[in-house]
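Q: I have a model open here and would like to go through it with you. Could we begin with one of the annotated stretches and then move on to the rest?

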Amino acid sequence: MRALDIKLLRDFVRLWAQALAIALVVAGGVATLILAVGSHRSLDETRAAYYERYRFADVFATVTRAPRALLDQIAEIPGVAAVDARITKLALLDIPNYSEPATGEVISLPEIGEPVLNRIYMRAGRLPEPERAEEVVVNEAFANAHGFAPGSRFSAILNGRKRELQIVGVALSPEFIYAVGPGDIMPDDRRFGVIWMPEKALASAYDLDDAFSFVAVKLLRGASEREVIARLDSILERYGGGAAYGRSDHRSHAWVDHELDMLKSVSRTLPPIFLLVSAFLVNLTLSRLVALEREQIGLMKALGYRNADIVAHYLKFVILIVIAGLVIGGAAGTWLGAYVTDLFGGLFFHFPFLVFTRSPDLYAIAAALSLVAAVIGAFRALREVVILPPAVAMQPRVPPRFRRPLPAAFTASRFVSQSTVMMLRNITSHPVRAALTTLGLALATAILVVSLYMRDTMEQLVDVTYFLADRQDATVSFVERRPQNVVMQIARLPGVLAAEPLREVPARIRNGNIERRILISGRPREADLNRIIGADLRPVRLPESGLAISSMLAQILDVDVGDSVEVDLLEGARRTLSLPVAALVEDYFGIRGMMDAEALARLMRESPAVNSVNISLDQNMRDMFYRAVKAMPVVSGLALQRVSLVNFRELIAIFITTMAGIYTGLAAVITFGVVYNSARISLSERARELASLRVLGFTRAEVLRILLVELALLTSIAQPPGWIIGYGLAWVMETQLAGELMRVRGTVVPSSYILASAFVLAAALLSAFVVGWRVYQLDLVTVLKTRD
């Protein structure tokens with residue numbers, strides 16, 4: 001073995017604690033990258049395979065009633081590869097031993113064979129027999145939530161008639177990877193289920209023999225989705241078509257896309273921070289190692305070693321640290337990635353299979369990025385190795401020059417102790433080193449702040465959505481549009497304290513070439529249960545005319561208050577209008593428009609009507625209210641705000657606790673790495689000075705205080721910049737995570753700053769114990785023999 005390699009191993013063993021601390025930081029970056037990118041790839045590839053195998057359609061359209069003979073005409077549209085039609089309806093469900101009404105989306109199955117598109121994956125049981133009208137298949141999440149299995153029974157109100165249904169199979173569908181009921185924000189598997197039943201039975205219940213109410217289209221490769229949608233709309237318009245839409249507007253697909261985008265954004269934000277910190281630590285440690293070994297470097301050069309050999313020697317030291325970090329980070333990232341993939345796949349989404357992708361290129365990218373970051377961090381130290389002349393290196397270092405920053409009359413020794421003066425002199429004599437140490441500690445604080453940011457933001461979202469804006473206890477939805485007097489009927493139900501109407505109209509909103517499909521909701525201007533919140537988080541009173549739109553929608557369309565937008569009404573008279581933007585509102589879910597209910601009725605040229613009613617409910621009478629709702633055939637669904645909030649908190653709590661826990665844990669490792677390395681390097685650099693003080697009569701405690709007070713001062717100075725950097729990183733994450741389906745308002749509460757600083761101070765305290773133990777173990781004779 002070459003002499004330099006033997007020295008390398010000895011250095012690595014001698015500096016194992018510091019090397020491990022740096023390796024853990026590298027591991028944090030690698031784990032974050034593999035976790036985020038690996039989870040994204042796994043879910044994306046799983047979804048693509050699922051869509052392909054079960055023929056998920058590209059274009060969808062609802063229709064009131066269209067004859068099946070129309071399918072040939074749809075199939076002839078240029079770019080259409082396959083067409084499938086079915087009957088789809090919403091129905092109120094009555095489940096044994098479950099008091100709350102549930103909503104079911106009832107879908108017809110062909111009498112012979114499988115559906116052409118949107119096929120279902122049978123998890124258990126079998127398909128219904130065509131002649132057995134009571135036999136149904138339900139989605140797996142709904143079955144699990146109620147403990148259903150083949151043979152279980154429940155009731156559904158189909159077109160006003162209560163029918164008892166028997167489950168014969170449990171299935172999954174690419175259409176319902178993210179299954180959420182009408183009026184709900186988050187999935188509630190107990191109150192929303194998908195029910196597949198024979199087409200003959202469903203057609204008979206809704207008087208849709210030889211007709212369909214939903215059509216799905218598969219496009220040829222390269223076909224124009226926009227043109228197919230336009231042709232499809234023109235065919236279906238006379239049959240009550242509700243305007244076709246593509247995958248991007250499909251609720252399940254859009255939510256999966258949104259979550260995948262979030263994972264991708266996280267993979268672009270956090271790993272670079274971790275790698276930046278690791279580069280900083282490599283720089284700090286290697287610079288110190290080179291400074292301590294300058295005499296050995298000079299000796300190596302005098303013996304004939306080339307600069308390249310010596311640089312390679314120290315590079316190997318860096319590479320060994322990176323390899324250790326890669327092994328630890330690779331294993332941790334793979335395990336965490338699989339865990340997060342299972343969490344997404346099992347908690348939010350429903351896939352029939354789920355495999356965590358271990359792509360070799362991902363590990364290669366992680367290794368390359370870590371190595372580049374470490375080499376960049378080592379560059380300054382390696383440059384010193386190259387430019388150090390052998391003769392100079394073998395001479396003792398020039399002692400540092402201590403200057404008096406203030407006139408003699410203002411000496412600090414009058415006000416502070418001698419050890420504090422020594423600490424201050426040391427800091428002012430090495431301003432660059434002190435600044436870099438402070439920067440590292442500030443980055444450690446910033447990483448913790450941005451890790452805790454996700455929790456704070458979700459709490460703010462809950463406050464605004466569930467307590468400031470949507471204050472209703474429940475929302476009653478109807479099978480179809482109802483006249484205004486239905487509000488009075490709902491208000492008279494037992495337990496109802498207040499009722500407010502809500503009218504929703506599908507529309508396309510456009511500014512130039514930018515177009516989005518939205519719902520325009522009409523509500524009373526004085527609505528109190530379902531309020532509109534402005535950008536300042538205060539309730540906004542709807543203007544008498546004009547359109548109030550989400551701030552996100554305004555950003556997408558590039559419009560502001562006073563500008564006009566084009567609106568295609570996709571229901572009723574189907575007119576195209578130019579409407580002024582009257583207000584911008586704060587809305588964290590989806591993009592939508594809002595209008596005064598009377599103004600919307602005038603636009604629709606209809607008498608006041610409602611799609612749903614928001615109510616305030618006496619909680620002591622809710623069981624009576626549930627029974628009354630189940631007896632109303634016109635009701636298609638009931639969204640419960642309290643239940644929705646509980647579900648939201650449960651799902652988000654698991655998600656946030658897990659994700660924030662992972663990132664906070666990794667950030668804590670980095671924090672300890674920075675603090676411990678700073679303390680250890682300071683001890684190494686000043687070991688001879690501290691030993692001299694011991695010989696001069698300073699006690700161990702006094703010597704330790706000189707060292708630790710410096711660390712405490714730098715740690716304290718680093719906190720405010722750390723908070724500022726952390727807030728900046730949180731702003732970057734907020735920008736990256738904002739999407740059309742969901743966005744958050746960047747919020748970091750004061751307790752997060754305190755908690756982040758507490759983490760750093762705890763790491764500093766732990767490091768202080770380690771360094772203190774080292775000081776107590778200081779061998780005075782050995783240290784003082786060391787040539788300075």
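Q: How much of residues 362–382 is helix and how much is strand?
A: This is a predicted model. In it, residues 362–382 are 100% helix and 0% strand. The end C-alpha atoms of that span are 29 Å apart.

Q: What does UniProt list residues 362–382 as?
A: The unreviewed UniProt entry lists them under "transmembrane region".

Q: Stepping back, how many helices and strands does the protein have?
A: There are 22 helices and 20 strands. The C-alpha atoms fill a box of roughly 100 × 60 × 55 Å along the principal axes.

Q: What share of the residues is buried?
A: Of 788 residues, 56% count as buried. The accessible surface is about 34,100 Å², and carbon and sulfur atoms account for 57% of that area.

Q: Which residues have the most contacts inside the largest nonpolar core?
A: F349 and F589 do, in a core of 78 residues. Helix α13, residues 431–469, gives the most to this core, with 16 residues.

Q: What is F349 in contact with, beyond its neighbours within four places in sequence?
A: F349 is in contact with I177, Y178, W255, V256, E259 and F344. Apart from the core around it lies another, of 31 residues, which includes L4, L15, I34 and V318.

Q: Changing topic to helix α16: which of its residues are buried?
A: In α16, residues 597–604, the buried ones are A599, L600, A601, L603 and M604.

Q: What covers them?
A: The cover includes strands β13 (496–511), β14 (514–523), β16 (564–569), β17 (576–585) and β18 (593–596).

Q: Last one, on charge: how far apart are the mean positions of the positive and negative charges?
A: The mean positions are 10 Å apart, for 83 positive and 77 negative charges.

Definitions and conventions
Residues numbered from 1 in each chain as written. Predicted model: local features only at pLDDT ≥ 70, side-chain atom pairs only at ≥ 80, totals over all residues. Heavy atoms only, no water. Helix = DSSP H or I, 4+ residues; strand = E, 2+ residues; numbered from the N terminus. Buried < 20%, exposed > 50% of the residue type's maximum accessible area, 1.4 Å probe, protein only. Areas by Shrake-Rupley, 256 points an atom, 1.4 Å probe, with all protein chains shown as cover. Lys, Arg positive; Asp, Glu negative; His and termini not counted. Charge placed at Lys NZ, Arg CZ, Asp CG, Glu CD. UniProt positions renumbered as here; feature names shortened; annotations may be inferred. Contact = heavy atoms within 4.5 Å. Core = buried A, V, L, I, M, F, W, Y, C linked by side-chain atoms within 4.5 Å.
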